[in-house]
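Here is a friendly walk through a structure, written for someone who likes to know the cut-offs behind each value. Please have a look at it before reading on.

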Amino acid sequence: MPVGRSTSVHSAGAEWTDEARGLASRRRWEARAETPRAPRRFRGDRLAPYVLVAPALLIILGLRLWPLLLGVNFSFTGDGDRDGMPVGLDNYADLLSDPVFQIALRNVGLLALLLPVAVAVPGLLATFIFLRVPGHRVFRSVYFFPAVLSPVIVGSIFNLLLAFDGPLNSLIEGIGLGPVDWLGDPKVAMFTVVGVHIWATFGMALVVFLAGFSTLDPTLVDAARADGATVAQMIWHVIIPALSRTIQFVFVTTMIGMLTSMFGLIYVMTSGGPGGSTYLPEYYIWVQQGQMNRPALASAASTVLFLIMLVMGLVQIALLRRAGRED
Amino acid sequence: MRGPRASTWIVAVPMMALALATIYPLVFTANVAMKTRHDYILDRFSPAGSLNWDNVVTAWTSAGMARYFVNSLIVVAASVALLLLFGSMAGFALSHLRFRGSRALFLGCLAALFIPFQVIMVPLARTMADAGLIDTYPGLVLAYVAQFLPFTIYLMASYYSGIPREIVDAARIDGNTVYGVFRRIMLPMGSPALLSVGILDALFCWNDVLIALLMMPSAQHRTLMVGVTSLRGQYSSDIPTFASGVLIAAVPVLVVYLVFQRQIADAVTAGSTKG
C-alpha cells in the first residue's frame, strides 16, 4: 500500500486485515496452558486447534488438492477401451489436433486481448463516481446489481433480447440497420457472449475499484486539483500509481472470471455453437466429460486450463510489478 | 468536479444511459412475464396493461419451478450453514491459535482458492460417484462446501485477526477453554463477517449451474438454475411463461441485493486493498 492507511470497511470494531499479520503475531497459548494452574485443561487445549481445523483440512485436502493431482495423473491415461491404461501424451496430442479445442484456445486469446477493456471500463466509471459525478450514489448500486445475478438468468434474459426476431433487432431495424444474428453468426456470437459477460460483471470490478479509492489519500487529489490538473492528468499521475495494487487485483480476478465463470452463459446462450465458435476450455471440459464420455481427455483439457491460468496470472503480476517500478 | 458543471454532464449523461441499459433487461423480462402470449407476439415493448400473474402461476406449478425452488433452498441453507461453521472454526484457529502445520494449512487454503472447479471436476465427479454421492443432496452440498470453503476460511481468518488479543486473553483468564472462547467471543464478535460471507456464499450456491448439473443430473433433483435452463426447451414457444420462470429465479436475488448490498460489497472487496 503506497498511500494512506487502510480504512475499515466494517462498522463493527474489527476489520478485515491481512491474515499474515495475524499469523506472525499470534499469542502462544500452549505455553500458557502448561502453567500448573490449569493442568486439567492442558490436553484439551492442545488438541483444540486440530479439532477446529479438522473438517476444513479434510475437505480441502480430499476434495480440492487431491483431485488436482488425481486429474493431472488421469490425463495421462486412456478413455474407453484403454480406460486406466497409461497412454503418455496421447490425450494432449488429441487435444491440440481437435479443431474445437483450437477454437477454445483462440477464444482465450480473444479474452486476453479484451481484458484491458474489461478492466479500464469499470476503472473509468469508478473514477467518475469517486469524483462525484451527479448521481454517483445511484450509479454504484445500479451497476453492481447484475454482478450478483446468475449467468443462467443473465443468459436467459439476453436470449430473449438478442433472438433473431427479438426486440434488439426490431429496434435497430427501426433505425434503418439490418438485423444481426447475434447468437447465430459464427463471426459475431463470441463477441456477443463476451459482451454480455462484461455487461454482467463490470459492477464487480467497479466495487473493488471504489474500495481502492476509499484508501486513497484525499489530500493528493485536492493538491492535484489545486495545481490545475485535468481529469486525464489526475488519472495518470495520481490515481493509477496510488491504486496499483487494486488494479493488479482487478486484472487477476477479471481474468479468472473470464476463464472460469462463463460456463453458464455459454450453456444457456449458444451451447458452444454456432459451429463451435463460442467454445472456451471450461465448456470443452464439460462436454468431453459428460456428453462425449471422454473423462481422460477432459482431464488433459483441465490441466491445460490450469496452466493457462497460472501463466496468465504470473505474466500479469510481472508486467504490473515492472510498470509499478517505473513510476 | 464540485457542483454540476457542463463538463461533468458530458460524463453523467452516458453514465445514466449505461445505468438504464443495466436495469432495462430485467424490467423487460418482468414486463414480458406479465403479458399474455398473444400480447407478447403483437408488441414486445409496450407496458403490460395490467398485472397478469397467470404465467407466473404456470411456471411455479406446471413447469415445476416450485419443486426446483425448494431444492435450491435446501441445498443453499445446508451448504451455507456448514461453510460458516467450518469456515469460522478454521478461521479462528488460523488467526488466533498456534499449532504445528498452521502455516502449511493457510498456504494450502490460499492455493485451493486458485483452483477453479473446472480443473478438478472430472476427478471430483469420479470420487463422488465412487462414494455413491452423485444425485444426492449431501453430494451437492459437499461439492459446494468444498468449492467455497477456502474463500470462507480466508475471509473469516482475516476478520478474526482484527479482533484484539486482549479480549481473547481476558476470556482465557476468566477460565474459558479454547472452545469457550470460540463460542462466547469469536462467534458473536464475528457476526458481521459471518453475515457478509454467508450472504455471498448463499449467492454463489444459488447462482451456480455447473456444479449442480454435474452432481444432480436427475429431473426431480434440479436446482432452480438448472430448472431455468430446462424451461427454455420446454416453453420455447411460450416466452411469457419462460420469462416468468426467469423472474422467479431472479427476484430472491434482487431482494437479497436490496437489503444486503453493503455486506455483499464488503465481502467482495475484502482482501483487494490490503497486503
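## A serine to start with

Is A:Ser75 buried or exposed? A:Ser75 is buried, because its relative accessible area is 0%; here buried means under 20% relative accessible area, exposed means over 50%, and partly exposed lies in between (1.4 Å probe, protein chains only). This serine is found in the loop of chain A between α3 (42-74) and α4 (90-97). Helices (H or I, at least four residues) and strands (E, at least two) are DSSP runs, numbered from the N terminus.

Setting aside neighbours within four places in sequence, A:Ser75 is in contact (heavy atoms within 4.5 Å) with several residues. Among them are A:Gly88, A:Asn91 and A:Tyr92, along with A:Ala296, A:Ser299, A:Ala300 and A:Thr303.

## How the model was treated

This is a predicted model, in which local features need pLDDT of at least 70 and side-chain atom pairs count only at pLDDT 80 or more, while totals for chains, interfaces and linings use all residues. Residues are numbered from 1 along each chain as its sequence is written, chains are lettered from A and ligands numbered from 1 in the order in which they are written, and side-chain values use heavy atoms, with hydrogens and water left out.

## Chain B

Chain B has 13 helices and zero strands. Of its 275 residues, 59% are buried. Take the contacts in chain B between residues at least 6 apart in sequence: 72% of these join residues at least 24 apart.

## Where the chains meet

Chain A brings 107 residues to the contact and chain B brings 113. The buried area, meaning the accessible area (1.4 Å probe) that two parts lose on being put together, summed over both, is about 10,400 Å² between chain A and chain B, with 71% given by carbon and sulfur atoms. On the side of chain A that touches chain B, α3(A) supplies the largest share, with 21 residues.

Leaving aside neighbours within four places in sequence, B:Met15 is in contact with chain A residues including A:Leu125, A:Phe128 and A:Tyr143.
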